[in-house]
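Student: I would like to go through some of the labels used for this model and ask what stands behind each one.

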Amino acid sequence: MRNNHDYEIQAESDYQKALREAFWHKARQWLGRGCNDLLSFAEVFQMLKQQPQSQLGLQSVLLEQIVGSSGRSQDFDLAYRPRHQSSKQRWVNVAKAQYQSGELPPVWLYKVGDAYFVEDGNHRVSVARANGQASIQALVVEIDVSTLTPDPSCTRLGFKLDGKASC
(Lines give C-alpha, C1' and ligand atoms only; values in the text may rest on other atoms or scores of the structure.)
Protein backbone atom coordinates (compact mmCIF):
# COMPACT_ATOMS: atom_id res chain seq x y z
CA MET A 1 0.00 0.00 0.00
CA ARG A 2 1.32 3.41 -0.97
CA ASN A 3 1.59 6.21 1.54
CA ASN A 4 1.25 9.97 1.14
CA HIS A 5 5.01 10.39 0.68
CA ASP A 6 5.00 7.95 -2.26
CA TYR A 7 2.20 9.96 -3.89
CA GLU A 8 4.18 13.17 -3.35
CA ILE A 9 7.28 11.72 -5.01
CA GLN A 10 5.26 10.40 -7.96
CA ALA A 11 3.40 13.69 -8.39
CA GLU A 12 6.64 15.73 -8.30
CA SER A 13 8.25 13.41 -10.83
CA ASP A 14 5.23 13.64 -13.14
CA TYR A 15 5.23 17.44 -12.85
CA GLN A 16 8.91 17.73 -13.77
CA LYS A 17 8.38 15.43 -16.75
CA ALA A 18 5.40 17.51 -17.96
CA LEU A 19 7.39 20.73 -17.52
CA ARG A 20 10.31 19.33 -19.57
CA GLU A 21 7.95 18.18 -22.32
CA ALA A 22 6.36 21.64 -22.44
CA PHE A 23 9.81 23.22 -22.80
CA TRP A 24 10.76 20.98 -25.73
CA HIS A 25 7.43 21.52 -27.45
CA LYS A 26 7.90 25.28 -27.09
CA ALA A 27 11.39 24.94 -28.57
CA ARG A 28 9.94 23.12 -31.60
CA GLN A 29 7.36 25.89 -31.96
CA TRP A 30 10.14 28.48 -32.06
CA LEU A 31 11.66 26.49 -34.91
CA GLY A 32 8.47 26.99 -36.90
CA ARG A 33 6.64 23.74 -36.37
CA GLY A 34 3.20 25.13 -35.54
CA CYS A 35 1.29 26.73 -32.73
CA ASN A 36 1.45 25.16 -29.29
CA ASP A 37 -0.51 27.82 -27.40
CA LEU A 38 -3.89 27.55 -25.75
CA LEU A 39 -6.54 29.90 -27.05
CA SER A 40 -7.68 32.63 -24.67
CA PHE A 41 -11.37 32.25 -23.93
CA ALA A 42 -11.54 35.93 -22.92
CA GLU A 43 -10.64 36.91 -26.50
CA VAL A 44 -13.02 34.39 -28.07
CA PHE A 45 -15.84 35.30 -25.65
CA GLN A 46 -15.57 38.99 -26.55
CA MET A 47 -16.69 38.02 -30.04
CA LEU A 48 -19.30 35.49 -28.87
CA LYS A 49 -20.88 37.16 -25.83
CA GLN A 50 -24.12 37.87 -27.71
CA GLN A 51 -24.52 34.21 -28.74
CA PRO A 52 -27.07 32.11 -26.81
CA GLN A 53 -25.74 29.80 -24.08
CA SER A 54 -27.18 26.61 -22.63
CA GLN A 55 -26.26 24.31 -19.75
CA LEU A 56 -25.43 20.81 -21.01
CA GLY A 57 -24.74 19.39 -17.56
CA LEU A 58 -22.25 16.68 -16.62
CA GLN A 59 -20.52 15.06 -19.60
CA SER A 60 -17.41 13.10 -20.47
CA VAL A 61 -15.21 15.31 -22.68
CA LEU A 62 -12.22 14.18 -24.74
CA LEU A 63 -9.15 15.96 -23.41
CA GLU A 64 -7.82 16.56 -26.92
CA GLN A 65 -10.85 18.79 -27.59
CA ILE A 66 -9.85 21.22 -24.81
CA VAL A 67 -8.02 23.99 -26.66
CA GLY A 68 -8.19 26.99 -24.37
CA SER A 69 -8.66 28.52 -20.97
CA SER A 70 -10.58 31.43 -19.55
CA GLY A 71 -7.77 32.61 -17.31
CA ARG A 72 -4.69 30.43 -17.64
CA SER A 73 -3.95 30.27 -21.36
CA GLN A 74 -0.37 31.40 -20.68
CA ASP A 75 0.22 28.83 -17.90
CA PHE A 76 -0.23 25.68 -20.01
CA ASP A 77 0.56 24.68 -23.58
CA LEU A 78 -1.93 23.18 -26.03
CA ALA A 79 -1.41 19.69 -24.56
CA TYR A 80 -1.99 21.20 -21.11
CA ARG A 81 1.58 20.74 -19.97
CA PRO A 82 2.59 23.33 -17.35
CA ARG A 83 4.85 26.09 -18.66
CA HIS A 84 6.05 27.65 -15.40
CA GLN A 85 7.41 26.47 -12.06
CA SER A 86 4.91 28.77 -10.34
CA SER A 87 2.14 26.20 -10.86
CA LYS A 88 4.12 23.35 -9.32
CA GLN A 89 2.55 23.14 -5.86
CA ARG A 90 -1.02 23.29 -7.13
CA TRP A 91 -0.25 20.73 -9.87
CA VAL A 92 1.43 18.35 -7.40
CA ASN A 93 -1.46 18.65 -4.93
CA VAL A 94 -4.01 17.86 -7.64
CA ALA A 95 -1.94 14.89 -8.84
CA LYS A 96 -1.62 13.53 -5.30
CA ALA A 97 -5.36 13.84 -4.78
CA GLN A 98 -6.01 11.94 -7.99
CA TYR A 99 -3.52 9.18 -7.09
CA GLN A 100 -5.13 8.79 -3.67
CA SER A 101 -8.80 8.83 -4.64
CA GLY A 102 -8.70 7.77 -8.28
CA GLU A 103 -10.94 10.62 -9.37
CA LEU A 104 -11.39 14.34 -8.94
CA PRO A 105 -14.41 16.66 -9.04
CA PRO A 106 -15.60 17.56 -12.55
CA VAL A 107 -14.06 20.54 -14.30
CA TRP A 108 -16.17 23.38 -15.69
CA LEU A 109 -15.93 23.94 -19.45
CA TYR A 110 -17.36 26.17 -22.13
CA LYS A 111 -18.14 24.41 -25.41
CA VAL A 112 -17.68 26.47 -28.57
CA GLY A 113 -18.43 24.34 -31.63
CA ASP A 114 -16.38 21.19 -31.11
CA ALA A 115 -13.80 22.95 -28.94
CA TYR A 116 -13.76 23.37 -25.17
CA PHE A 117 -12.34 26.06 -22.89
CA VAL A 118 -11.57 25.54 -19.20
CA GLU A 119 -13.33 27.92 -16.84
CA ASP A 120 -12.39 25.97 -13.70
CA GLY A 121 -10.06 22.98 -13.43
CA ASN A 122 -6.96 23.76 -15.51
CA HIS A 123 -4.69 21.79 -13.18
CA ARG A 124 -7.11 18.83 -13.17
CA VAL A 125 -7.02 18.84 -16.98
CA SER A 126 -3.22 19.02 -16.95
CA VAL A 127 -2.87 16.14 -14.50
CA ALA A 128 -5.38 14.03 -16.44
CA ARG A 129 -3.46 14.57 -19.70
CA ALA A 130 -0.13 13.82 -18.01
CA ASN A 131 -1.60 10.57 -16.70
CA GLY A 132 -2.71 9.51 -20.17
CA GLN A 133 -6.45 9.86 -19.64
CA ALA A 134 -8.48 10.23 -22.81
CA SER A 135 -11.40 12.08 -21.26
CA ILE A 136 -12.50 14.00 -18.19
CA GLN A 137 -15.81 14.59 -16.42
CA ALA A 138 -17.03 18.15 -16.91
CA LEU A 139 -19.94 20.46 -16.30
CA VAL A 140 -20.45 22.02 -19.71
CA VAL A 141 -21.97 25.31 -20.85
CA GLU A 142 -22.40 25.53 -24.63
CA ILE A 143 -22.20 28.74 -26.61
CA ASP A 144 -24.26 28.43 -29.78
CA VAL A 145 -22.12 29.10 -32.84
CA SER A 146 -24.49 27.60 -35.39
CA THR A 147 -24.91 30.99 -37.10
CA LEU A 148 -21.16 31.41 -37.70
CA THR A 149 -19.59 30.52 -41.02
CA PRO A 150 -17.43 27.39 -40.91
CA ASP A 151 -13.84 27.70 -42.09
CA PRO A 152 -11.91 24.43 -42.54
CA SER A 153 -8.59 26.29 -42.39
CA CYS A 154 -9.23 26.91 -38.67
CA THR A 155 -8.12 23.68 -37.08
CA ARG A 156 -9.04 24.39 -33.45
CA LEU A 157 -12.38 26.20 -33.59
CA GLY A 158 -13.45 25.53 -37.16
CA PHE A 159 -14.65 29.06 -37.91
CA LYS A 160 -13.42 32.65 -38.04
CA LEU A 161 -14.52 35.39 -35.68
CA ASP A 162 -14.83 38.95 -37.03
CA GLY A 163 -12.66 38.09 -40.01
CA LYS A 164 -9.83 36.85 -37.78
CA ALA A 165 -8.89 33.23 -37.65
CA SER A 166 -9.37 31.91 -34.14
CA CYS A 167 -7.59 28.75 -34.97
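Student: Why is Tyr110 called buried?

Tutor: This is a predicted model, and in it Tyr110 has a relative accessible area of 12%. Buried means under 20%, so Tyr110 is buried.

Student: Why is Trp108 called partly exposed?

Tutor: Its relative accessibility is 34%. The partly exposed class lies between under 20% for buried and over 50% for exposed, so Trp108 falls in that class.

Student: What makes the aromatic pair of Trp108 and Tyr110 tilted?

Tutor: The ring centres of Trp108 and Tyr110 are 5.8 Å apart, with 35 degrees between the planes. Rings pair if their centres lie within 6.5 Å, and planes under 30 degrees apart count as stacked, over 60 as edge-to-face and the rest as tilted. The pair of Trp108 and Tyr110 is therefore tilted. The whole structure holds 2 aromatic pairs.

Student: What makes β4 largely enclosed by the rest of the structure?

Tutor: Of the 6 residues of β4, 5 are buried, so the strand is largely enclosed.

Student: How do you know that β4 pairs with β5 and with β6?

Tutor: Two strands pair if there are at least two bridges between them. β4 and β5 are joined by 5 bridges and run antiparallel; Leu109 has Val118 of β5 as its bridge partner. β4 (residues 107–112) and β6 (residues 135–143) are joined by 6 bridges and run parallel. On that side Trp108 stands opposite Leu139, and Lys111 stands opposite Glu142.

Student: What lies between β4 and β5 in their hairpin?

Tutor: There are 2 residues between the two strands, and Gly113 in the turn has a positive phi of about 65 degrees.

Student: Why are β1 and β2 called edge strands?

Tutor: The open sheet has 6 strands in the order β1-β3-β5-β4-β6-β2, with mixed pairing. β1 (39–40) and β2 (53–62) each pair on one side only, and they stand at the two ends of that order.

Student: What does helix α4 touch in the sheet?

Tutor: Helix α4 (residues 122–130) packs on the sheet and touches β3 (66–69), β4, β5 (115–120) and β6. The direction of α4 makes about 125 degrees with that of β5.

Student: What makes a group of residues a nonpolar core?

Tutor: The members are buried residues of the nonpolar set, joined through side-chain atoms within 4.5 Å. The largest such core has 24 residues; Val61, Ile66, Trp91, Leu109, Val125 and Ile136 have the most contacts inside it. α1 (4–30), α3 (88–101), β4, β5, α4 and β6 each supply at least two of its residues, and α3 gives the largest share, 5 residues. Another core, of 12 residues, lies apart from this one, with Leu48, Val67, Tyr110 and Ala115 among its members.

Student: Which residues does Ile66 touch?

Tutor: Leaving aside residues up to four places away in sequence, Ile66 touches Val61, Leu78, Tyr80, Leu109, Tyr116, Val118, Val125 and Ile136.

Student: Why does Ala18 count as buried?

Tutor: Ala18, in helix α1, has 5% relative accessibility. Buried means under 20%, so Ala18 counts as buried. Beyond residues up to four places away in sequence, Ala18 touches Arg81, Pro82 and Trp91.

Methods:
Residues are numbered from 1 along each chain as its sequence is written. This is a predicted model: local features need pLDDT of at least 70, side-chain atom pairs count only at pLDDT 80 or more; totals for chains, interfaces and linings use all residues. Side-chain values use heavy atoms; hydrogens and water are left out. Helices (H or I, at least four residues) and strands (E, at least two) are DSSP runs, numbered from the N terminus. Contact means heavy atoms within 4.5 Å. Axes are lines fitted to C-alpha atoms, for helices over the stretch in contact, and angles run from 0 to 180 degrees between N-to-C directions. Rings of Phe, Tyr and Trp (its six-membered ring) pair if their centres lie within 6.5 Å; planes under 30 degrees apart count as stacked, over 60 as edge-to-face and the rest as tilted. Buried means under 20% relative accessible area, exposed over 50%, partly exposed in between (1.4 Å probe, protein chains only).
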